[in-house]
Amino acid sequence: MSAKPKLYYFNGRGKMESIRWLLAAAGVEFEEEFLETRDQYEKLLQGGSLLFQQVPMVEIDGMRMVQTRAILSYIAAKYNLYGKDLKERALIDMYVGGTDDLMGFILMFPFLSAEDKEKQRALIVEKATSRYFPVYEKLLKDHGQDFLVGNNFSWADVHLLEAILMVEEKKSDVLSGFPQLQAFKARISSIPAIKKFLEPGSQRKPVPDDKYVETVRRVLRMYYDVKAN
């Protein structure tokens with residue numbers, strides 16, 4: 001296996017993007033193998049690399065890891081982005097879980113019909129502004145610290161920034177009523193490792209396009225239409 005973590009996924013965001021974000025935040029260089037054909041996917045299946053017959057899959061520290069949450073937890077713990085004790089870890093898990101729920105509405109977006117995309121766009125903005133962003137706005141205001149947990153940069157901060165930027169792609173002024181989150185976004189984005197990842201030419205993936213959707217459908221044999229929530 002490569003000394004660098006190696007990521008197996010499509011050349012697009014999907015569930016792998018949060019893994020890319022976290023590795024980048026930790027300052028870890030990684031390699032990628034993009035799945036472009038069904039044969040590549042079948043080879044991984046036949047080789048026993050995909051424990052539950054699905055990607056993402058990451059080769060790291062002599063392991064072939066699957067299940068996105070397990071991969072993220074391992075990376076966060078390995079690179080000291082998972083709090084200093086059990087209580088902080090529980091808070092990070094809770095905040096990441098909430099942010100994950102919001103991101104779930106966005107991950108399916110590229111696979112929707114044009115009509116359903118407009119409905120989903122409105123739903124994403126509504127959920128972000130009424131359920132999720134108010135939680136983090138109040139948290140940051142109440143404790144008056146730069147970061148979500150323990151006043152130290154953690155996985156929770158990385159995940160929230162990723163989610164904020166994803167929602168802004170659906171509505172650019174979505175943070176207009178959230179001054180604490182505006183400051184948080186500017187603060188976290190200025191961290192050198194994050195700033196580098198946000199620059200053109202990084203391994204951050206763009207908004208999924210039709211080519212990405214077609215590739216995922218072909219490789220995974222997704223011959224059905226995804227429905228909006």
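This is a predicted model: local features need pLDDT of at least 70, side-chain atom pairs count only at pLDDT 80 or more; totals for chains, interfaces and linings use all residues.
The structure holds 18 salt bridges.

| Pair | Closest N to O distance |
|---|---|
| D61 and K78 | 3.1 Å |
| R218 and E214 | 2.5 Å |

**Salt bridges**

The bridge between D61 and K78 links distant parts of the chain: D61 sits in the loop between β3 (57-60) and β4 (63-66), while K78 belongs to helix α3 (residues 68-78), and the two are 17 residues apart. D61 is partly exposed, at a relative accessible area of 45%. K78 is also partly exposed, with a value of 37%.

E118 and R121 are both in helix α5 (residues 114-143), three residues apart, or about one turn of the helix. R121 has a relative accessibility of 27% and counts as partly exposed. In helix α9 (residues 210-220), R218 and E214 are separated by about one helical turn because they are four residues apart. R218 is partly exposed at 35% relative accessible area, and E214 is partly exposed at 41%.

A network of salt bridges links E17, R20, E32 and K205.

**A buried lysine**

K170 is found in the loop that runs between α6 (155-168) and α7 (179-189). This lysine is buried but forms no salt bridge; E169, the nearest side chain of opposite charge, is 4.6 Å away, and a salt bridge would need nitrogen and oxygen within 4 Å. With neighbours within four places in sequence left aside, the contacts of K170 are I106, F109, R121 and I124.

**Overall fold**

The protein has nine helices and four strands, arranged along the sequence as β-α-β-α-β-β-α-α-α-α-α-α-α. Its radius of gyration is 18 Å, close to the 17 Å given by the globule rule for 229 residues, so the protein is as compact as a globular protein of that length. The C-alpha trace spans about 50 × 45 × 30 Å along its principal axes.

Of the 229 residues, 48% are buried. Among contacts between residues at least 6 apart in sequence, 68% join residues at least 24 apart. The accessible surface is about 11,600 Å², and carbon and sulfur atoms account for 51% of that area.

An unreviewed UniProt entry lists residues 85-209 as "domain: GST C-terminal". That span is 67% helix and 0% strand, and its end C-alpha atoms lie 41 Å apart.

How values were computed. Residues are numbered from 1 along each chain as its sequence is written. Side-chain values use heavy atoms; hydrogens and water are left out. Buried means under 20% relative accessible area, exposed over 50%, partly exposed in between (1.4 Å probe, protein chains only). Lys and Arg count as positive and Asp and Glu as negative; His and the chain ends are not counted. Contact means heavy atoms within 4.5 Å. UniProt positions are given in the numbering used here, feature names are shortened, and annotations may be inferred rather than shown by experiment. The radius of gyration is taken over C-alpha atoms; the globule rule is 2.2 Å times the number of residues to the power 0.38. Accessible areas come from the Shrake-Rupley method with a 1.4 Å probe; for residues, only the protein chains shown count as cover.
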